[in-house]
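Please review the briefing below alongside the sequence and the three-dimensional model.

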Amino acid sequence: GSGCGARAMPREIITLQVGQCGNQIGMEFWKQLCLEHGISMDGRLEDFATQGGDRKDVFFYQADDEQYIPRSLLIDLEPRVLSHVQQTLPRLFNQENIFSHPEGGGAGNNWAAGYTIGGSVQEEILEMIDREADGSESLEGFMMCHSIAGGTGSGLGSFLLERLNDHFPKKLIQTYSVFPNQSTDASDVVVQPYNSLLTLKRLTLNADAVVVLDNTALNRIATERLHVPNPSVEQINQLVSTVMAASTNTLRFPGYMNNDMIGLVSSLIPTPRLHFLMTGYTPLSFDHLGGEANPLAVRKTSVMDVMRRLLQTKNIMVSCSTRKDRGCYISILDIIQGEVDPTQVHKSLQRIRERQLCSFIPWGPASIQVALSRRSPYVKSPHRVSGLMLANHTSIRDLFARIAQQYDKLRKRDAFLDNYRKLPIFADDLSEFDESRDVLHELIEEYRASESPDYVNWGIERTPGEPDPGAFQERKAGEAAVVGQG
């Protein structure tokens, strides 16, 4: 990959892993990054890892003794998962970057508890973040891993999103947000619609890009596509870390394009609110995960096969149909890894266009963007070509509508509200719920409006007092001030 010498300055990214789920997927992500960069699990560069042409400094920094240390903060309100991470990777992380709440009681699956504890521990956490930021030459932004359904990843995660927005108004904030299982039997937490709604408000107002990781779809892919009848949390998290590693590949193995996060984000997000991204990945297999080789695994992987499969609804890791009768694509970025001839890409794009395999919004450039990315030389892949799709598709509003519906059902009965009312943010009234519901309603409506050609004028004739879908810069400056009253 030429073109990487031009920018010597690393654009570092600080990762925040918040809560049980965030730290579990974070751990798998760092294992994968170590493999791809030839770094041992205790942070030493392997002897063979000298000619990778990779950039380790985006996600790691070097300690005085040459050890590579993740630019990552591990944050939780109860010690169990953090101690597991420390047992598994005892030497990888900077011990000063591990924050476990002294009382260790967790947030009890209550967004309001996580959010409130955020207020009491913010100084310590922000100090950790500042220390990491000061250790970067030109920090580009933050990546947060969390789940939206529980208490810590959702509540403390929401609090941190607001603070990051205030504290670093010019830095990008991207999240990998795990959405809960929607099937009623598999849901762990009765109050997950409450927690999800309150978190979605912050993901809409305080993040620049949200990669939606939908547990319902991930479980379906594991059972139907990978033929694993009862997928374990580890297996699901390996799917997630595959997606996370691939989506950061162009930052770590720079080529001509998308060498920084702003490049990735701005090509996918033409208007600031519509920033919820779906992912698709192919070919998927659990072979490399040490399981039995899968006889039904994909055999043939040409560029055309990969690009066509990425558009199939069954490979998309969000439970929303992307078929032609359901909404349209706002943008698509395919990150293709492996042995790829650019002329093959052009041919594939042409075929996809001729066959009209995907429909785009009427008001923007209707084309699939492709980034060819280099594979890590240290990881053997069974497949010649693999691909990750990051897509902005209007049917994601179906996922939001389901959460809104489940919330409305609970709220109508005033069910389970006592634990929320005990906390300061809900002590006087439940307006925080109502505001969050309005923000989600606006988001669903804007995704719907974006399917029509006159979306360009959307939001011009609005009544005062409604949230304005205004420009990115304004949001960065103004909204944090309004939201951060909790």
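The following briefing covers the overall architecture, the sheet, selected helices and individual residues.

This is a predicted model, in which local features need pLDDT of at least 70 and side-chain atom pairs count only at pLDDT 80 or more, while totals for chains, interfaces and linings use all residues. Residues are numbered from 1 along each chain as its sequence is written, and side-chain values use heavy atoms, with hydrogens and water left out. The chain has 16 helices and 12 strands; helices (H or I, at least four residues) and strands (E, at least two) are DSSP runs, numbered from the N terminus.

**Overall architecture**

- Of the 486 residues of the chain, 58% count as buried, where buried means under 20% relative accessible area, exposed over 50% and partly exposed in between, with a 1.4 Å probe and protein chains only.
- Among contacts (heavy atoms within 4.5 Å) with a separation of 6 or more, residues 24 or more positions apart account for 82%.

**The sheet**

- An open sheet of 10 strands has the order β5-β4-β1-β6-β7-β8-β9-β12-β10-β11, with mixed pairing; two strands pair if DSSP finds at least two bridges between them.
- Its edge strands, β5 (98–100) and β11 (368–373), each pair on one side only.
- Direction ignored, neighbouring strands of the sheet are turned by 20° against each other on average; axes are lines fitted to C-alpha atoms, for helices over the stretch in contact, and angles run from 0 to 180 degrees between N-to-C directions.
- Strands β7 (residues 172–179) and β8 (residues 209–214) pair in the parallel sense over 6 bridges, and threonine 175 stands opposite valine 210 in β8.

- Strands β1 and β4 run parallel and are joined by 4 bridges; leucine 74 in β4 is the bridge partner of glutamine 17.
- Strands β4 and β5 also run parallel, joined by 3 bridges; here isoleucine 98 in β5 is the bridge partner of leucine 74.

**Helix α1**

- Helix α1 (residues 19–37) has 19 residues and reaches 26 Å from its first C-alpha to its last. This is close to the 27 Å expected at 1.5 Å a residue, the expected span being 1.5 Å times one less than the number of residues.
- The helix is mostly covered, with 15 of its 19 residues buried.
- α1 lies across β1 (13–18), β4 (72–76), β6 (141–147) and β7, and runs at about 135° to β1.
- Glycine 38, which follows α1, has a positive phi near 70°.

**Helices α6 and α7**

- Helix α6 (residues 215–225) and helix α7 (residues 233–247) pack at an angle of about 105°, with their axes 10 Å apart.
- The two helices α6 and α7 are therefore roughly perpendicular to each other; angles under 35 degrees count as roughly parallel, over 145 as roughly antiparallel, 65 to 115 as roughly perpendicular and the rest as oblique.
- Asn215, Leu218, Asn219 and Ala222 of α6 make the contact with Ile236, Leu239 and Val240 of α7.
- By class, the contact of α6 with α7 has 5 nonpolar, 2 polar and no charged residues. Ala, Val, Leu, Ile, Met, Phe, Trp, Tyr, Cys and Pro count as nonpolar, Asp, Glu, Lys and Arg as charged, and the others, Gly among them, as polar.
- Histidine 227 lies in the loop between α6 and α7 and has a positive phi of about 55° although it is not a glycine.
- With 42% relative accessibility, histidine 227 counts as partly exposed.

**Other individual residues**

- Arginine 411, in helix α12 (residues 396–412), counts as buried at 19% relative accessibility.
- Apart from its neighbours within four places in sequence, arginine 411 is in contact with Tyr194, Leu417, Leu430, Phe433 and Asp434.
- Proline 283 is found in the loop between β9 (276–282) and α10 (303–310); the peptide bond from threonine 282 to proline 283 is cis, with omega near -10°.
- Asparagine 109, in the loop between β5 and α3 (111–134), has a positive phi of about 55° although it is not a glycine.
- Asparagine 109 is partly exposed, with a relative accessible area of 39%.
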